[in-house]
Each structure stands twice: as structure tokens, then as C-alpha cells.
Amino acid sequence: MNRIAYIGTYVPQKCGIATYTHHLRQSVNGARGWKGQDEVYAVKPAFSLLGDTDPMIHEVEKEDRKAYRKLAERLNRSDVSVVSLQHEFGIFGGEAGEYVLDLVDHLDKPLAVTFHTVFEHPEEPYLSIQKRIAQRSDLILVMNRLAAGYLHRSMGVPMDKIRCVPHGTPEPAAGLRERTRQSMGWDGRKVMMSFGLLSRGKGFELILRALPDVVRKVPNALYAIVGQTHPEVRKWEGEAYRQGLELLARELGVDSHVVMIDRFVEENELAGLLSAADLYVTPYPGMQQITSGTLAYAVGLGRPVLTTPYAYAKDLLGDYPELLIPFDDTQGWSEQMGAILSEEETAKRWEREMGRIGADMHWSKVGQLHLELFNGLAASVPEIMKAN
């Protein structure tokens, strides 16, 4: 294998898939045994995000349907050995990202697709689109073992076509926790943290309702809610949700125990904030979420976590049911948060357990695994071409 083509959103676009594609590319380039080259086809809005800084990064306009078939034809003429497609319905043009079908239907190269969203019971148009992508792909990567079963049952995808890979994460850095706590003014505080674009589907109000009981047990507790309001939410209701959270904190008498960091946080800063936190919480009410990059990052950085039992959390933390708390169990949340924040030995235990799980999620290992999978796919080119 001498060349890989990555397709998805890409930095500097402020998008989780863009960040993931960037780190996947970096980690494969740093993997043992890789001496080839790569290129990126960055799906973008109508305006340019990338500039001309890297000749190996090319732009594909999201809503230009003809561009998808042209890209397939360009790749077919190239010496690319494997195409790595990062799939999320919203990043491609057309209804539910249907324009990507013009790419996969006309592509002759070996295709590895990473599905970032998989539904247990997919509905149209998502079912038909994802099924066609799955049928055309030669290798499917998911970050959750449950997702493999969903694809097999709902779309008939053969299990031997699917591989489960960890969501890549940064590695703990010496001194980062102490430096970040000092710069944020968190010395002397027991910090819980949530991160993400604010919307009513995040469930942050659950933590606020549990916070009074936590504060009675841990007077120096602080809940940090990190992230901007989701752009689509802001279009429809402005900052109403954020203001509602602030009002709820005042009504509960815990506003001095809540800080809202209202800005887009770049990845290096996010790693510092996660490292600085004593506990990371994802209180999401929706149980179908198949991946969570920030929960993965927290575990990869060895931080204690508590979460509702959505699909990704159950797969990642299923051996530790005490970390999986139902959304409607406010008392359970307050008790577990209070225990981790107040009992040093409990906190140390969970740091050790998360560090053990997270060790296999670091980008260095995830990049090596992807390289091995891509090499295997490239080596099977004659069989793939015959099947297609």
C-alpha cells in the first residue's frame, strides 16, 4: 500500500468529524511500518475554510452534487490504494447526506467506511442511504460493538465485514492537570465537567438538580459546563437554554458552584480541561448515541467518569454498572458524584480503572490498528475488484 485518501470534514472546520479525520491521518502517518503518502478530500460549505497551506488537502463543496462523482473518477485514475471515508449523515450534501452515494457508487478503489452514527432501528431515508454505503464498502469500521449488531440485523451486513476500533484519544501529559487547574483558578476545588455544544438534548440540568446534595457533602464542588450553544439552536432560540441553566442554578442556590465556559474550545485546551477535572459527566437523556468523543477522551486521559447508559457508554463501561446511572435517578447521580469527589480512595480507584481502559484508546495504538486494517484491505485488491 503506497497511498491513502481520506474523505470527510477536516480541520480547521469546527466539527468533531474534522478533528477525528485529522487525528486519524496523523496517527496512521506515525504508525510503525508506514512509508507511503496520503491526501485528504475535505467536504466543506460553499466558502473555503482551508486556504492553500497543504497541497495534499483538496476541497469538495458539500452541496455540489457533481463534485462527488468527479471525486470518484479522480480517485479511480489515481494510484490511491485505499479510500478511508468518514461517514456522518450531516456532513455530506442532499437529504440526509445522500450525495455521498454518487461517490461510493462510482468508486472502484477499495473502500473503508467509518460509520460515526448507527441507529438500532434506522428509518428512511437513513436506512436506504447507509445500506447502500455498507453494500459498496469493502470494510466497515465502528467504535461500538453494539453498532456491529445493529448493522447486521437492520441491513444484513455480514459480521466479517465489520471491525470494531476504539475512538482515538490523546494521551495524558505530565504536568498538564496542575497547569490547567492553576490557570483556571480551580486549585482547591473538586471539579465536575461536561463538554459539548449546548442544546436541550445534553441533559445538563440533571446535574444541576443533583448539585445541592453534592455541595452539602462536598462544599468546594464546582460544575464546569464547557462549550458554546449549538449554532442551529442559537438560530432558533438564541441563548435561551444557557440562560435557563443559569436561572435553574440560581433557583437551586448553587450558582456559585457552577461556571459556564462559553466559547469554542480547541482540542489542546479540551485535553487540559479534561485532565484538570476530578470527574467527567455525560448525563445525556437519549440512549441511542453510538459514539461520544468527549467520553472517550476523558477515559483515554484516565479521568473518573459517570454517565447515563446510552449505547456508547454501555459498550465502553459495561463492566462497571455503578458508573451508568439512569437519567431520571437524580439521587443516584448525587450519591455517586459525592462519593467520587469526597472519597480519595474511590477517586483513585476510578482513575486506575479508566487509565487501564484508556490505554488501548490512545491515538498511537489506534493509528497502528488502522494501518494494519488498511494494509489488509489493499492486499485483497484482486478479490475486491473481482467482487465489484
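Tutor: Start with pairing: two strands pair if DSSP finds at least two bridges between them. Strands (E, at least two residues) and helices (H or I, at least four) are DSSP runs, numbered from the N terminus. This is a predicted model, where local features need pLDDT of at least 70, side-chain atom pairs count only at pLDDT 80 or more, and totals for chains, interfaces and linings use all residues. Residues are numbered from 1 along each chain as its sequence is written, and side-chain values use heavy atoms, leaving out hydrogens and water.

Student: How many bridges join strand 1 to strand 2?

Tutor: Six, and strand 1 runs parallel to strand 2 (residues 37-44). Ile 4 stands opposite Asp 38 in strand 2.

Student: Is strand 1 buried or exposed?

Tutor: Buried means under 20% relative accessible area (1.4 Å probe, protein chains only). Six of the six residues of strand 1 (residues 3-8) are buried, so the strand is largely enclosed by the rest of the structure. Arg 3, Ala 5 and Ile 7 point one way; Ile 4, Tyr 6 and Gly 8 point the other.

Student: Which residues touch the most other members of the largest nonpolar core?

Tutor: A nonpolar core joins buried Ala, Val, Leu, Ile, Met, Phe, Trp, Tyr and Cys residues through side-chain atoms within 4.5 Å. The largest has 90 residues, and Met 193, Leu 211, Tyr 223, Leu 306, Trp 333 and Met 337 touch the most other members. Helix 7 (residues 204-217) gives this core its largest share, eight residues. A second, separate core of 44 residues includes Ala 5, Leu 71, Phe 89 and Val 157.

Student: How many aromatic pairs are there?

Tutor: Rings of Phe, Tyr and Trp (its six-membered ring) pair if their centres lie within 6.5 Å; planes under 30 degrees apart count as stacked, over 60 as edge-to-face and the rest as tilted. The count is eight. Take Tyr 68 and Phe 92: their ring centres are 6.4 Å apart and their planes at 70°, so this pair is edge-to-face. Tyr 68 belongs to helix 2 (residues 65-77) and Phe 92 to the loop between strand 4 (82-87) and helix 3 (100-104), so the pair ties together parts 24 residues apart in sequence. Tyr 68 is buried, at 1% relative accessible area; Phe 92 is buried too, at 2%. Ring pairs link Tyr 68, Phe 92 and Tyr 99 into a cluster.

Notes
Buried < 20%, exposed > 50% of the residue type's maximum accessible area, 1.4 Å probe, protein only.
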